[in-house]
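Please examine the sequence and the model before reading each solution.

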Amino acid sequence: MKSNYNFRARYKSILLIAFFSLIVFLVAGFYRADKLTVTRYQVESSAFLQPLTIAHLSDLHCCEYGSDNELLLREISAAKPDMIVMTGDMISRNSTQKEIAHVLELISALSQTAPVFCSLGNHELDYINTQGEAFLSQVTDAGAIVLERQYQQITLNDQDIRVGGIYGYLLSPKQQNGPEQEFMRDFSDTDCPTILLCHMSEGLLDYGSIDEWNVDIVFSGHAHGGQVRLPLLGGLYDPETGWFPRYEKGMFQKGESTVIVSSGLGSSERIPRFNNPPELVVVSIVPDVADSRFGVN
């Protein structure tokens, strides 16, 4: 009898510990789901001769952090970026004019800190399809440069840089040969360092097309970090590649290219973010002069 009693007592203790651990995990997971975090990466690149700091925002979906986004603006200002990039889904396809006004106010404030470059996401494209292209003019008037199958040659920190933006899978020419591939051939045909804004990274990473293009740094989003993140397993779901994606969040080195995937700042999903705090990404590019393409030693 004593043996059975001890077994039942241990069993109850294990169940209680498991139950309370689950409660703590759930509370912590939902608590972290709306707490703005800053993820910092350092990229050593032989393409760059001068250091560069870039603030990366993606998938805001009209969310706000503090009154007039003061918390987000404060973190970006503290990072002292040379450039700010937005990689799509800053609004949602059903955003109201009031919500869009808040995003435009954010862009206007950011443009006072550093040059702002935007590429489009699927939600902007859906919104434009139903509401017209006036939104693009509003973003430009707010102070950002919108790049959709376009690029600009700019000078930052005494260095010429090519910055481009595109929405699409960017499949290799062996898989598809259309306007996306034509843009990428043109964009990557340069001796300047290249920075690409591309909302979706799946074509580049999961399907391996990054090996086809001469691009130094790519900024992406879209997967929301898997929306739900589980201990040890990472992100749960990517709308493009399905369950337990490989490249839903992080920095990935592929040959001479670096792809940075943000888990985003907001959510348009019915399933709320869990154990997946909103993420502002700050990237410090450090010249790797020992391996420079320009022959600097």
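## Exercise 1. Salt bridges

The side chains of Arg229 and Glu248 form a salt bridge, with 2.9 Å from N to O. The model is a predicted one.

**Solution.** 
Step 1. Buried means under 20% relative accessible area. Arg229 has 17% relative accessibility and therefore counts as buried. Glu248, at 5% relative accessibility, counts as buried too.

**Task.** Which residue forms a salt bridge with Glu279, and where does that residue lie?

**Solution.** 
Step 1. The partner of Glu279 is Lys249, and the closest N and O atoms are 2.9 Å apart.
Step 2. Glu279 lies in strand E16 (residues 279–287), whereas Lys249 lies in the loop between E13 and E14, so the pair ties together parts that are 30 residues apart in sequence.
Step 3. Glu279 counts as buried because its relative accessibility is 0%. Lys249, at 27% relative accessibility, counts as partly exposed.

**Task.** How many salt bridges does the count come to?

**Solution.** With a limit of 4 Å between the nitrogen and the carboxyl oxygen, the count comes to 4 salt bridges. Among them is the pair of Arg149 and Glu148, whose closest N and O atoms are 3.9 Å apart.

## Exercise 2. Positive phi values

**Task.** Describe the setting of Arg149, including its phi angle and its place in the chain.

**Solution.** 
Step 1. Arg149 lies in the loop between strand E5 (144–146) and E6.
Step 2. Phi of Arg149 is near 55 degrees, which is a positive value in a residue other than glycine.
Step 3. The relative accessible area of Arg149 is 40%, so Arg149 is partly exposed.

**Task.** Is Asn69 buried or exposed, and what is its phi?

**Solution.** 
Step 1. Asn69 is found in the loop between strand E2 (52–57) and helix H2 (70–79).
Step 2. Asn69 has a positive phi near 60 degrees, and it is a residue other than glycine.
Step 3. Asn69 is buried, because its relative accessible area is 2%.

## Exercise 3. Aromatic residues

**Task.** State how many aromatic pairs are counted.

**Solution.** 
Step 1. The count comes to 6 aromatic pairs.
Step 2. One of these is formed by Tyr151 and Phe183, with 6.4 Å from centre to centre and 50 degrees between the planes, and it is tilted.
Step 3. This pair links distant parts of the chain: Tyr151 is in strand E6 (residues 150–156) and Phe183 in helix H6 (residues 179–187), 32 residues apart.
Step 4. Tyr151 is partly exposed, with a relative accessible area of 28%, whereas Phe183 counts as buried at 7% relative accessibility.
Step 5. Together with Phe187, Tyr151 and Phe183 form one aromatic cluster.

## Exercise 4. Confidence

**Task.** Where does pLDDT stay under 50?

**Solution.** 
Step 1. The mean pLDDT of the chain is 87, and 85% of the residues reach 70 or more.
Step 2. Over residues 13–33, pLDDT stays under 50, and the model has 18 contacts beyond four places in sequence for these residues.
Step 3. Where pLDDT is low, predicted coordinates should not be read in detail.

Methods: Residues numbered from 1 in each chain as written. Predicted model: local features only at pLDDT ≥ 70, side-chain atom pairs only at ≥ 80, totals over all residues. Heavy atoms only, no water. Phe/Tyr/Trp six-rings, centres within 6.5 Å; stacked < 30°, edge-to-face > 60°. Helix = DSSP H or I, 4+ residues; strand = E, 2+ residues; numbered from the N terminus. Buried < 20%, exposed > 50% of the residue type's maximum accessible area, 1.4 Å probe, protein only. pLDDT = per-residue confidence, 0-100. Contact = heavy atoms within 4.5 Å.
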